[in-house]
Amino acid sequence: MRSYYSGPSTTPLLGATIGEALRSTSERVPDALALVSRHQGVRLTWRELDQQADELARGLLASGIQKGDRVGIWSPTCVEWTLLQMASGRVGSILVNVNPAYRTAELSYALSHSAVRMLVTAPRFKSSDYLAMLSEVRPTLPALECVVVIGEAPGGPADRSFEDLVAGGAAVDPQMVRDAESLLDPDDPINIQYTSGTTGSPKGATLTHHNILNNARSIADVLEYTDADRVCIPVPLYHCFGMGIGSLGCVTSGAAMVYPAESFEPETTLDAIAEESCTSIYGVPTMFIAMLASPRFGDHDLRSLRTGIMAGAPCPVEIMKRVVNEMHASEMTIAYGMTETSPASAMTRRWDDLERRTSTVGTALPHVEIKIADPLSGGTVPTGTPGELCARGYLVMDGYWRNPEATAEAIDSCGWMHTGDLAVMDGDGYVNIVGRSKDMVIRGGENIYPREVEEVLFQHPGVASAQVIGVPDERMGEELMAWVALDEGQTMTEEQLRGFCRDRLAHFKIPRYWKFVSDFPLTVTGKVQKFKMREIAVAELGLEEAAQIETA
Ligand code: AMP
C-alpha cells in the first residue's frame, strides 16, 4: 500500500476573499464578541470589527494604496495588526508580515525585497527601538513612501500616526471600498511571509485569500467552532498560526479571538483563558511546557477549555497528555504544516483515540492530499516507510515572491509542495513526523536556518570556519550550537562572538552553546557531517534525556 491519503470532505471550498468572509460573519452574528486584546483593553463585536476594518480600508485608499501594493506590518500582537489584515483584505494590498524580533539587516532585506510602500509599525518592542532601527534603514528603501506608527504621534522616521491614517479615510466615500473589493479575486496574493532559506536569502512565501481563508475555515470546522467559542491566541500574529489559523479561523466561524498580551508569557495566557472563559488554546509545544511549569498554574480555573491546537514543532506525547488532563482540553489536537501550505496540511481529529491524538499529527485535512516520497526517486514509498512529506491542494502557496527558481524547487510539476520534513504514514493515513531532510532547527517554534547564522559568523575577521547545529532541549525542543574554527593564532571568547551576532541577528538565532574546534567531522568527500556533530554534542553536553523525548 502506498503512503498516500486524500482528506475526504463533504464541505465545498470557499470561493471568497478575506473582506467578504468578514462581512458575512458580521452580518450573521453582528453582536457576538469578535476580538479581545487584553493588554490594550479593547473588546470588539463583529459589527465593530467590520466597521473599523472598513474605516481603515478607506484610510488606505485615501493614502493612495491600491490592489497589489505591499503594506508591511512590524509589530507584536495588537488590534491594529488584525485591522490592517482585514483592511488589506478589502483593498487588495498585500500584507507583508515582519517578524517582531528582526534586527536591522533582516528588516531591511524583507522590506526591500518585497518593495513595501507603506509600513505600519509599533514604536518599540522589548529591547528593540523600532523607530531608531527604521531611521537607520529608511535611506536604503526607496520604495518605502510612508511609515505609520501605532499608538504614538509621528516623528523621526514615522510620517503619520495610525489614528491619522484612519482619520484620513473619512473623506473617502464608503462606496470606494466596495469598488476596490469588486476588483479582487480569491486567487489574488494577499500576504507575504518571510522564511529563511537553506541557501542564501530569505524567501517570501506568497499566499492568496483562497489559500489562507480555506485552511483557516477547514481547521475551524475540525474544531467545531461556533460564535460561542473563544480562542486564546498567544502565538505571534506575524506567523500563519496567529493570523491564519487564529484570526481567520475566527473570521470564518464567528468564534472570538482573545489576544492575551503583546507576546507570549505563560501567566498572561493562563489569566486570559481563565478570565475570558476561553474554550480553545493555541500554542507551539514550548508555550504549553511553560504554562504547565508555571508556579501559578494551579491557581487558574481552566475548565472552560474544550479544545486547542499544538503545532509548529515536534509535539511531545507527554505534554499533549498533560494538556488533555491538566488543562482540561479534552478535545485537544495536533496540527502539522508549514507557511508554504497556508499552513496546516495534517491534523488530528476529536474522534481519534487518545493514542493517535497524542502520538501522531493526524491525517490530511479535507481537500488536502499528502504523500510520503522517496527523497531520491520521488516515488511514493510504501506505508510504514520514512520519506519526505509532500502536500498538494488549494493550500499550496502561490510561490515565493519574485523567486521562480526557488518556487520551482519547492513545488514540483504535479503541484506537490516538498516540505523537507521526514515522515511515516500508516495504513489509515496517520502521519508521524520523524525528522527533517532540510537543514533547519526549530527553537521554541521559531525556525532557524543554520546557514544564516554560519554566514554571520563567517563575516567575523577571526573566524576561519563555522558550523551550526540544533541540539535537543527539553523546554525549547532544540537549541542552537555553533562549532567555530578560529584563524591561526586567534583567540576569542564565546561572549565576543555572541556580541558580534547580537548586532546582526534576531535574539533567537544566537547560539546558546559554543565549541571551539580545529576541524569538523567530515565524510570522505569532505562534507561536514552534522549528524556526527550532534551525537558528539549530545554526549558532551549531557543531553541524552532530551534526545529521548517521544514526539508526534
Ligand atoms: P513554519 O513555516 O514556520 O510554519 O515552519 C514549518 C516547519 O515546522 C515544518 O516544515 C516542520 O518542520 C515544523 N512543524 C510544524 N508543525 C509540526 C508538527 N506538528 N510536528 C513536527 N514538526 C512540525
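In the predicted model, Ile 18, Gln 85, Ser 88, Leu 95, Ile 190, Asn 191, Ile 212 and Met 243 line the second largest cavity. Two elements, helix H3 (79-91) and strand S9, each give two or more residues to this lining. By class, the residues around the second largest cavity comprise five nonpolar and three polar, with no charged residue among them. The space in this second largest cavity amounts to about 40 Å³.

In total, two cavities of 30 Å³ or more are present in the structure. The largest cavity has a volume of about 270 Å³. Its lining consists of 16 residues, of which Asn 99, Tyr 194, Thr 195, Tyr 238 and Glu 446 lie closest to the cavity centre. Strand S9 (189-195) and strand S24 (446-448) are the elements that give two or more residues to the lining of the largest cavity. The greatest contribution to this lining comes from S9, with three residues. Divided by class, the lining of the largest cavity has nine polar, five nonpolar and two charged residues.

Two charged residues are found in the lining of the largest cavity, whereas the lining of the second largest cavity has no charged residues.

Methods
Residues are numbered from 1 along each chain as its sequence is written. This is a predicted model: local features need pLDDT of at least 70, side-chain atom pairs count only at pLDDT 80 or more; totals for chains, interfaces and linings use all residues. Side-chain values use heavy atoms; hydrogens and water are left out. On a 1 Å grid over the protein atoms alone, a cavity is a set of points where a 1.4 Å probe fits but cannot get out, and a pocket is an open set with protein on both sides within 12 Å along at least five of seven lines; lining residues have an atom within 4 Å of a point. Grid points are joined across faces, edges and corners, and a volume is the space filled by probe spheres set on the points. Helices (H or I, at least four residues) and strands (E, at least two) are DSSP runs, numbered from the N terminus. Ala, Val, Leu, Ile, Met, Phe, Trp, Tyr, Cys and Pro count as nonpolar, Asp, Glu, Lys and Arg as charged, and the others, Gly among them, as polar.
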